[in-house]
Amino acid sequence: MINFLFQHKRAGEKSRLWSARVRLDGWLKPRTFPLRVSDKRVAQQRLTKLIEELEREAAGIGAPRIQRDAAQTPLLTHLHAFLAECEATGRSRNTLGKYAHSLPKLFGRCRWVSLRDVTEESFTAWREKSGLSPKTLNDCLSNMGAFLNWMKRRRLIVANPLEHVRKVSNDSPGNFRRALSVDEINRLLKAAPTHRATVYQTILYTGLRRQEINGLRWGDFDFTVTPTRLKVPSSISKNRKESVHFLRPEVTETLKAFRPDGVKPAVWAFRGKVPRIPTFKRDLTAAGIPF
């Protein structure tokens, strides 16, 4: 075994902080560990403790250092790393927003500060008294499960502490949904202001989702061909695949009338004009259609 203390040299000057170089029996090469202290006696004590931990880890007795460090790191710090990796791997903005919004709230509600606090008992105790709907509770469990499984893949934890927590039974039938009739569609398009009627008509004829409609630019429409072609980029499509829609003449006429003269291809087509549910309800009420 090799172990010794040293101070890094930069530009001919020694660092005031000590580091350690260690190679245990069986290691192919030595490893460097920053001790982050300026007193040599304290550094020697830390080196002795470090060697004990490394030998226990090599013997399979203690937890690996990465897990010990993770246990002492605040959950919010781990969450920031999780969100950064989600963004880097191309997760959708909605998914990122869901994690960024719900997980800090769950940490606060369950009084979780570090990984040691995350237990099945603390989660179920909070859940029983939360008063939230079954769907919301199951979403919280699912979001936290995604976060903890990421930590497990990164070897920050050995196992997901909420792995065996079962979802709450949801016996509610949910909201009844139905398709609008042709008569109701005509009434809605007449009752709504022009900009919202254009959005409704485009959605009805293409089946695009809110995020996809919001992400369209005028350059995605090709009015030079018959029928008009709409190309939805993979970057805004839910399944991350490009799709092409051929538009009917009545939709083409509406879009041409709605498009500003001389608009550039990079300009958003509907950004800021897609109605939210309260606005949609008001338009339905004006058209005499029950929500």
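Is R178 buried, partly exposed or exposed? R178 is partly exposed, because its relative accessible area is 41%, where buried means under 20%, exposed over 50% and partly exposed in between, for a 1.4 Å probe and protein chains only.

The model is predicted, so local features need pLDDT of at least 70 and side-chain atom pairs count only at pLDDT 80 or more, whereas totals for chains, interfaces and linings use all residues. Residues are numbered from 1 along each chain as its sequence is written, and side-chain values use heavy atoms, with hydrogens and water left out.

**Surroundings of R178**

R178 belongs to the loop between α6 (134–153) and α7 (182–191); helices (H or I, at least four residues) and strands (E, at least two) are DSSP runs, numbered from the N terminus. Once neighbours within four places in sequence are set aside, R178 is in contact with E184, I289 and P290, contact meaning heavy atoms within 4.5 Å. With E184, a polar contact of 3.0 Å links the two side chains; such a contact is a pair of N or O atoms within 3.5 Å, where within protein one must be able to donate a hydrogen and the other to accept it, and residues adjacent in sequence count only if both atoms are side-chain atoms.

**Nonpolar cores**

The largest nonpolar core has 29 residues, of which F82, W112, F123, M144, F147, L148 and L162 touch the most other members. A nonpolar core is a set of buried Ala, Val, Leu, Ile, Met, Phe, Trp, Tyr and Cys residues joined through side-chain atoms within 4.5 Å. To the 29-residue core, α3 (75–88), α4 (93–110), α5 (120–130) and α6 each supply at least two residues, and α6 gives the most, with 8 residues. Apart from this core lies another, of 17 residues, including V199, I213, F258 and A269.

Three strands form an open, antiparallel sheet in the order β1-β4-β5, where two strands pair if DSSP finds at least two bridges between them. β1 and β5 stand at the edges with a single partner strand each, so one side of each is left without a neighbour in the sheet.

| Strand | Residues |
|---|---|
| β1 | 2–6 |
| β4 | 19–23 |
| β5 | 31–34 |

The antiparallel strands β1 and β4 are joined by 5 bridges, and I2 stands opposite R23 in β4. Helix α1 (residues 40–58) packs on the sheet, touching β1, β4 and β5, and its direction makes about 150° with that of β1; axes are lines fitted to C-alpha atoms, for helices over the stretch in contact, and angles run from 0 to 180 degrees between N-to-C directions.
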